[in-house]
Amino acid sequence: MELAGILIGLALLVWLAYRGWSVLLLAPAAAMLAAALSAEPVLAHWTQTFMQNAARFIAQFFPLFLLGALFGKLMEDSGAVRAIAAFLTEKLGSRRAMFAVVLGGALVTYGGVSLFVAFFVLAPMAHALFREANIPVRLMPAAIALGTSTFTMSAMPGTPAIQNAIPMPFFGTTPFAAPGLGLMASAIMLGVGLWWLSWREAQARRAGHGYAENEVWDKKADPTVVRERASVAREFDPAEIDAGHRNNALPGILTAALPLLVVIGANFVMNVIVFPRLNASFLAEPRWGGITLQSVAGVWGVCVALASAILVLVILQWRRLPALRKTMDAGANASVLPIMCTASLVGYGGVIAALPGFELVRDWVLSIDGGPLVSLALCANLLAAITGSASGGLTIALDALGPAYVGLAAQHGIDPALMHRVAVMASGTLDSLPHNGAVVTLLAVCGSTHRESYFDIVMTSIVSALIALVAVIAVGSLVGTF
């Protein structure tokens, strides 16, 4: 009955999340249902297990959410993101419309711009390019997803995405863990995704399908469905699109792109040059929690990188930010909903991991043939799929089984950097199931539906990532980390 309680709670979470219910309500409700069906004390699990796990996640990663949302809002209101999009549109043109959308998404997200900010900025650019190139709008969500939610989120060395920071305290790694394997995986994801999109574009042209077919869907759309889409988009948009003060005048491309380069460069300098030479023995004192530099260096590096980029951006774009306080307030406020939703999923996972039935799941995952890498990949995949969140699923997996995987890595002589990269990549595959908040928002801002566009999202965001994950596990197992 204990295992049945876990499965029923998971089914409730997935089904209602797909129906558009807020994770803030669903996660504790599903966790308490699972606890009740397992004959466990419900209120104790809510206050002592759920809330403590959620609070620990917030305490550890809120600086990243805060700085990331603030940076994204400043980039948006200053016109920097739109300037980058306009530059790519001008230079690549309609003949390379698909590649321009993918490249634009990759540049802004690898540079530290929030995923949801990227969606709302890239969608108008993509519409303009797809209209000129006469490409069906149904392919637009997959193109944006490939650029924003695949290799720049989980594989590129040094990516500031929260998923890349989560394994660092467990494995004592940096955001640049397994850089060679990460670049290899990025090339595979990009190559497979672009091949699929090119094939689908050619298929559409042969069938005589073009951009105008979306207008037919618009005229037939149920007004209720349209309103629901708009509501979902507002709920999941952490940048508070209507808040702040946007500057309609665009800056030059060099000025716009420099803060992105600062994020990448400062992150590299802190993790590769500064921290290895830093004497942080004071962290072992009880007042700092008796920790090591390795357990916090990754988060510190991304924080310094984002803070530096924010400072550079404000200095360069001072005149383009006439309502700076309003913009910064909107950015700060925008960080709250995403971290609360993710922390709520982490709290839910903490309750599930504390139930007696989870021991069966734990034993099964750890006994999977293929070794620790395969076991870790499957564990992160399943939990990301169940929660609809890469960061939430990965945190749950490592909170529950992280010490066990650290021990298995040492036992099998596996480099922790390889474990780090496999864990992050695995969390970024099946997280893109239909109930994922980013997927729902992306479809809404593009004006498409699951029926029209989700299959292409599966191919560019899930299949390409799974192929890259298998390649990394195979090559890492044979030759080790590089």
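1. Asn 134 sits in the loop between α6 and α7 (140-148). Helices here are DSSP runs of H or I, at least four residues long, numbered from the N terminus. The phi of Asn 134 is near 60°, a positive value in a residue other than glycine. Asn 134 counts as partly exposed because its relative accessibility is 39%; buried means under 20%, exposed over 50%, and partly exposed in between (1.4 Å probe, protein chains only).

2. On the source: this is a predicted model, where local features need pLDDT of at least 70, side-chain atom pairs count only at pLDDT 80 or more, and totals for chains, interfaces and linings use all residues. Residues are numbered from 1 along each chain as its sequence is written, and side-chain values use heavy atoms, with hydrogens and water left out.

3. Ala 178 also deserves a look. Its phi is positive, about 50°, although Ala 178 is not a glycine. The residue lies in the loop between α10 (168-171) and α11. At 2% relative accessibility, Ala 178 counts as buried.

4. Next, the helix pair α11 and α23. The axes of α11 (residues 179-206) and α23 (residues 450-479) come within 8 Å and cross at roughly 150°. Axes are lines fitted to C-alpha atoms, for helices over the stretch in contact, with angles from 0 to 180 degrees between N-to-C directions. α11 is therefore roughly antiparallel to α23; the term applies over 145 degrees, and roughly parallel applies under 35. The crossing is right-handed, meaning that the near helix is turned clockwise from the far one by less than a right angle.

5. Among the residues meeting there are Trp 196 and Arg 200 in α11 and Phe 455 and Asp 456 in α23. Contact means heavy atoms within 4.5 Å. The α11 and α23 contact divides into 16 nonpolar, 4 polar and 2 charged residues.

6. Helix α4 (residues 80-92) packs with α6 at an angle of about 20°, their axes 10 Å apart. That makes α4 roughly parallel to α6. This crossing, too, is right-handed. Val 81, Arg 82, Ala 85, Leu 88 and Thr 89 of α4 touch Val 121, Met 125 and Leu 129 of α6.

7. Finally, the core. The largest nonpolar core has 139 residues, and Phe 61, Phe 71, Met 75, Phe 130, Ile 144 and Tyr 348 have the most contacts inside it. Such a core is a set of buried Ala, Val, Leu, Ile, Met, Phe, Trp, Tyr and Cys residues joined through side-chain atoms within 4.5 Å. Helix α6 (residues 115-133) gives the largest share, 12 residues.

Technical notes: Helices (H or I, at least four residues) and strands (E, at least two) are DSSP runs, numbered from the N terminus. Angles under 35 degrees count as roughly parallel, over 145 as roughly antiparallel, 65 to 115 as roughly perpendicular and the rest as oblique. Ala, Val, Leu, Ile, Met, Phe, Trp, Tyr, Cys and Pro count as nonpolar, Asp, Glu, Lys and Arg as charged, and the others, Gly among them, as polar.
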